[in-house]
Amino acid sequence: MDRIVESFIEDFKLEFNYGDVSNSKLFEQFVNYVLVSKIYPDRSSLDKINVGGTRNPGIDGLAIMSNNHLVTSQEEIDYFIQDADLLDVEFNFIQSKTSSAFEMSGINTFLASVKEFFRDGDLTFEDELLNLRDLKDYIYKNSIKMETSPTLKLYYATTGKWMDDQNLKTIINSGIRDLKTLDLFSDVKFIPIDSDKLKSLYREIKNKITKEIIFEKHTILPKMNRVTESYLGILPATELVKVTSDEDNELIKTIFYDNVRDFQGYNKVNTGIRNTIEKEQTNDKFVLLNNGITIVAKSLNKVGSAFKISDFQIVNGCQTSHVLHHLKNFLTPNIFVPLKLIVTDDDDTINDIIRATNSQTEVKNEAFEILKPFHKKLEEFYLTFEKEDNKRLYYERRSRQYLGAKAKSEKIIGLSTQIASYIAMFLNEPQSTQRYFGELLNSYSSRLFQENHSLYPYYTSGIALNVLEEFFRENKLMHASKRYKYHLLLMFRIHSAGKKMPINISSNKEIEKYCLKILDILWDRQKALDIFKQLESKLQATLSQTKVLYRQAHLTRAFTEELLPAVTNQKKTGIVTYYNFQRKFGFIKIDSTDDDVFVHYTELNRFPQNEIIPGLKLSLDVFQSPKGPIAKNVEKIV
């Protein structure tokens, strides 16, 4: 293996604190990380795309993008359809090989596996990939919402060097033709990732983005408080494309990550921008018709009209930037765009700029969420635990906020992960965590990030998830349990502090005491591991008996309700009062009450029939169904 790539992989291993993991598995995780960071730069993305397994031949990662967001559930597709009334879909498949060459057999397997995925062929995929195949089917059922068919990108990575081998290109082109015959895609691309490209991608992640533009037509703005310097002018559209493009001429998505608007596709406004550019009689007036771009940079080096900007983001003009990048081959020297360039590292000033520059256009609620004072307080609260390693966790309000700092990536939590962990652990909704975080913010707007909330539950849920993921990385918990990690958080809270939770307001000291019961265990890793192992056993036991489809149980409220009694261990006792073998149901009278609970034969089918008679003593969990109370997890009392 290339020594530099090897050192980068070792850095990645230390950054995320991977334990005893094979070289091939570590390389697979590394490749998925560098590619998903390019495709969708969110800290929660890596877990969602990892699908490598013994029964997923040829496919190690799959990122399904809809409307510029990584999606893993049908609910997310429904949300984007409702939100934009269109679907813009991209499938990104990844295969990684530690071999020092691009081998024909490996490429063939990769192409064949992708084809089987879309053909619903006979390959026996593992659960994660089967769920994503179901999602693929759901996407195509909604194809009426697509302006164009989805695109398909195939990333094949090795530690060798891509040499444009004609034999390999022939095999690849043949595979692409086969995929195109499925008539499912607007475009299919095979993208070889060699050692040089891996190095370049990892450096992009680790280093601050720096770009140089020629900004001749500008004026210097007067000196302002908490602003180092600022400029106003017009920039050639071709220069803006330089800013937004990486070395492959692809859009750099991280420069929009903090922006308050995602690209909305070619809606009415963006279609108007496109039409202005494409028509020769109007494109020279683009500078008059467009609101322009605002760039905020942390540092600037200026020599004449050459501006070198570093650690910057486009905070307004996301739509314009995307359209111009799409049309980069049609841009002419007479097309200019208005530009405000501001140099400051003051958070409050940056937030004011974001709010003000986006106030004239429709902006979703989730876009401004991170700018609220609550999140600044939450970030500072996390920092109060910084001195002790077992308590340390950083809350990242802005992407790449801790770049260059001592904070390891495995010790950083972002907004989307904070939302999911809190909703799962303290709002009892682990099955909802697969939904798009913007939808969760809207759905739980009165129960999330309230100014009078105590900060303890947020930190508690964040550190609990961090500790749990640490155990999974170190293979101390079963990989099969990982998709239920949010269920384990809820179980851990109830087990450690009790089901009844105090009201979450900062003036209520009881919520702080409640959280500290949980934190005292989490901060002792061995105690936490012992409890998580117990809960994992109960989780797997409940899974073995559930009537919900096994591979989708983590998405259903029904399974969450089945799971909770296994944690509280507050089983009821009673006796059979009636059972009908022909109709296969009966009733159990709960002790010390007059309550009769319905019981279905599936809960009793492991008992000999001659034992199921009135008077049989049983223990059971009681669930509320739409038709009344029903018995679950029934056991005989001996």
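Guide: S230 lies in strand 8 (residues 229-236). Bear in mind that this is a predicted model.

Visitor: Why does S230 count as buried?

Guide: Buried means under 20% relative accessible area. S230 comes in at 3%, so the label applies.

Visitor: And which residues is S230 in contact with, leaving aside its neighbours within four places in sequence?

Guide: With that exclusion, the contacts of S230 are T219, I220, L221, P222, M224, L341 and I342.

Visitor: On to charges. What makes K25 and E28 a salt bridge?

Guide: The rule asks for a side-chain nitrogen of Lys or Arg within 4 Å of a carboxyl oxygen of Asp or Glu. For K25 and E28 the N to O distance is 3.0 Å, so the pair passes.

Visitor: Where do K25 and E28 lie?

Guide: Both belong to helix 2 (residues 23-39), 3 residues apart, or about one turn of the helix. As background, residues three or four places apart in an α-helix point the same way, because there are 3.6 residues a turn.

Visitor: What makes E451 and K377 a salt bridge?

Guide: Their side chains meet at 3.2 Å, N to O, and the limit is 4 Å. E451 sits in the loop between helix 18 (437-443) and helix 19, while K377 sits in helix 16 (residues 373-383), so this pair ties together parts 74 residues apart in sequence. E451 is partly exposed at 45%, and K377 is partly exposed at 35%.

Visitor: What about R557 and E429, how do you know that they meet in a salt bridge?

Guide: Here the N to O distance is 3.2 Å, again set against the 4 Å limit. R557 is in helix 23 (residues 557-568) and E429 is in the loop between helix 17 (415-426) and helix 18, so the bridge links parts 128 residues apart in sequence. R557 is partly exposed at 45%, but E429, at 11%, counts as buried.

Visitor: What joins K38, K197, D246, E247 and D248 into one network?

Guide: Salt bridges that share partners do that. The total by this rule is 41 salt bridges.

Visitor: Now helix 22 (residues 525-545). How do you know that its span agrees with expectation?

Guide: At 1.5 Å a residue, its 21 residues should span 30 Å, and the end C-alpha atoms are 30 Å apart, so the two agree.

Visitor: What covers the buried residues of helix 22?

Guide: The cover includes helix 19, helix 20 (485-497), helix 21 (509-522) and helix 23. Among the buried residues are A528, F532, L535 and E536.

Visitor: Last one: which residues touch the most other members of the largest nonpolar core?

Guide: L448, Y459, F492 and L522 do, in a core of 73 residues. Helix 19 (residues 456-473) gives the largest share, 10 residues. Apart from that core lies another, of 41 residues, including Y79, V114, Y138 and L154. Leaving aside neighbours within four places in sequence, L522 is in contact with T460, I463, A464, V467, F492, A528 and F532. In soluble globular proteins, nonpolar side chains tend to be buried together.

How values were computed: Residues numbered from 1 in each chain as written. Predicted model: local features only at pLDDT ≥ 70, side-chain atom pairs only at ≥ 80, totals over all residues. Heavy atoms only, no water. Core = buried A, V, L, I, M, F, W, Y, C linked by side-chain atoms within 4.5 Å. Buried < 20%, exposed > 50% of the residue type's maximum accessible area, 1.4 Å probe, protein only. Helix = DSSP H or I, 4+ residues; strand = E, 2+ residues; numbered from the N terminus. Contact = heavy atoms within 4.5 Å. Expected span 1.5 Å × (residues − 1).
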